[in-house]
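Biologist: I would like to learn how to read a model of this kind, feature by feature. Could you take me through one?

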Amino acid sequence: MQAPDGREASDDIDPDQQPRRLQDCRRCGLWRDATQPVAGAGKRSARIMLVGEQPGDKEDLAGQPFVGPAGALLDRALQAAGVPREAVYVTNAVKHFKWQARGKRRMHKTPAQREIEACHYWLEDELRAVRPRVVVALGATALRSVMQAKPPALKAVLGRALEHDGMAVIAAYHPSFALRAPDTQARRRAFEAIVQALERAARL
């Protein structure tokens with residue numbers, strides 16, 4: 001398969017690469033269409049790490065995690081749970097924005113399993129550096145990446161504290177799920193579930 005410029009699409013992908021800098025990562029092909037990689041942000045001594053799926057359009061342009069609409073909702077949930085954002089470390093399972101064009105807009109596209117696996121290299125590095133006591137996995141992609149296995153359906157474990165590598169892992173909805181819910185009541189329930197997961201993380 002060839003890329004648009006005629007080169008072989010796999011020529012600049014190396015799933016076994018072990019780069020030192022995120023900017024140099026070529027472990028999967030998502031770097032090609034992203035503006036920049038988006039690293040995690042927050043205290044390196046944080047006891048709570050929040051892991052989302054991937055950067056969105058706003059995050060891709062800003063180079064910071066959770067600064068778009070989903071980030072604004074996450075900030076509200078953190079405030080409602082009594083957890084200061086500056087006290088947590090926030091990152092994503094996948095560090096480049098995967099998107100598809102819809103008119104002039106860049107719309108989110110779910111990362112493939114091979115892309116999640118390739119990017120776990122960076123999440124693993126963050127987990128080693130931060131050593132959180134609790135990880136809140138925001139959505140199914142984040143939960144799969146953190147647990148490094150196919151977990152039960154997200155709804156089945158929402159708010160529960162799972163154990164992985166000596167950490168408590170709490171499953172929660174991704175903030176974008178709460179934004180996309182079809183009606184006011186569903187959006188409120190999703191938001192409240194996120195707040196409850198954050199409250200449980202704070203207690204642990």
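Modeller: What follows goes from confidence to the sheet, then to rings, charges, lysines and backbone angles.

Biologist: What is the mean pLDDT of the protein chain, and where does pLDDT stay under 50?

Modeller: Where pLDDT is low, the predicted coordinates should not be read in detail. This is a predicted model, and the mean pLDDT of its protein chain is 93, with 95% of the residues reaching 70 or more. Over residues 1–9, however, pLDDT stays under 50, and for that stretch the model has ten contacts beyond four places in sequence.

Biologist: Turning to the sheet, in what order do the six strands lie, and which strands stand at the edges?

Modeller: The six strands form an open sheet with mixed pairing, in the order β1-β3-β2-β6-β8-β7. The edges are held by β1 (41–42) and β7, each of which has a single partner strand, so one side of each is left without a neighbour in the sheet. Within the sheet, β2 and β3 run parallel and are joined by five bridges, with Ile48 standing opposite Val88 in β3.

Biologist: How many bridges join β4 to β5, and how do these strands run?

Modeller: Four bridges join β4 to β5 (residues 105–108), and the two strands run antiparallel, with Arg102 opposite Arg105 in β5. Together β4 and β5 make a hairpin that has two residues between the strands, and Gly103 in the turn has a positive phi of about 70°.

Biologist: How many residues of helix α4 are buried, and against what do they pack?

Modeller: Helix α4 (residues 140–147) is mostly covered, since six of its eight residues are buried, namely Thr141, Ala142, Leu143, Ser145, Val146 and Met147. These buried residues pack against elements including β2 (48–52), α3 (113–130), β6 (134–138) and β8 (167–172).

Biologist: How many aromatic pairs are there, and how should I read them?

Modeller: A pair of aromatic rings is described by the distance of the centres and the angle of the planes. The count here comes to two aromatic pairs. In one of them, the rings of Tyr121 and Trp122 have centres 4.9 Å apart and planes at 90°, so the pair is edge-to-face; Tyr121 is partly exposed at 22% relative accessibility, whereas Trp122 is buried at 8%. The rings of Tyr173 and Phe177 have centres 4.4 Å apart and planes at 15°, so this pair is stacked. Here Tyr173 is buried, with a relative accessible area of 12%, and Phe177 is partly exposed, with a relative accessible area of 35%.

Biologist: Over which rings do the charged ends of Arg26 and Arg106 sit?

Modeller: The charged end of Arg26 sits over the ring of Trp31, at 3.7 Å from the ring centre, while that of Arg106 sits over the ring of Trp99, at 5.3 Å from the ring centre.

Biologist: Is Lys95 buried or exposed, and what lies around its side chain?

Modeller: Lys95 belongs to the loop between β3 (88–92) and β4 (99–102), and because its relative accessible area is 1%, under the 20% cut-off, Lys95 counts as buried. A polar atom of the Lys95 side chain lies 2.5 Å from the backbone oxygen of Asn92. Beyond four places in sequence, the contacts of Lys95 include Leu22, Gln36, Cys119, Trp122 and Glu126.

Biologist: Where is Lys98, and with which side chain does Lys98 make a polar contact?

Modeller: Lys98 is also placed in the loop between β3 and β4, and at 14% relative accessibility Lys98 counts as buried. Its side chain makes a polar contact of 3.0 Å with the side chain of Glu115. Among the other residues that Lys98 touches beyond four places in sequence are Leu30, Gln54, Met107 and Pro111.

Biologist: Finally, what is the phi of Arg131, of Asp165 and of Gln148?

Modeller: Most residues other than glycine have a negative phi. Arg131, although not a glycine, has a positive phi of about 50°; Arg131 lies in the loop between α3 and β6 and is exposed at 68% relative accessibility. Asp165, likewise not a glycine, has a positive phi of about 50°, and Asp165 is found in the loop between β7 and β8, exposed with a relative accessible area of 67%. Gln148, which follows α4, has a positive phi near 55°.

Definitions and conventions: Residues numbered from 1 in each chain as written. Predicted model: local features only at pLDDT ≥ 70, side-chain atom pairs only at ≥ 80, totals over all residues. Heavy atoms only, no water. Buried < 20%, exposed > 50% of the residue type's maximum accessible area, 1.4 Å probe, protein only. Polar contact = N/O pair within 3.5 Å; in protein donor to acceptor, adjacent residues only side chain to side chain. Contact = heavy atoms within 4.5 Å. Phe/Tyr/Trp six-rings, centres within 6.5 Å; stacked < 30°, edge-to-face > 60°. Lys NZ or Arg CZ within 6 Å of the ring centre and 35° of its normal. Pairing = 2+ DSSP bridges. pLDDT = per-residue confidence, 0-100.
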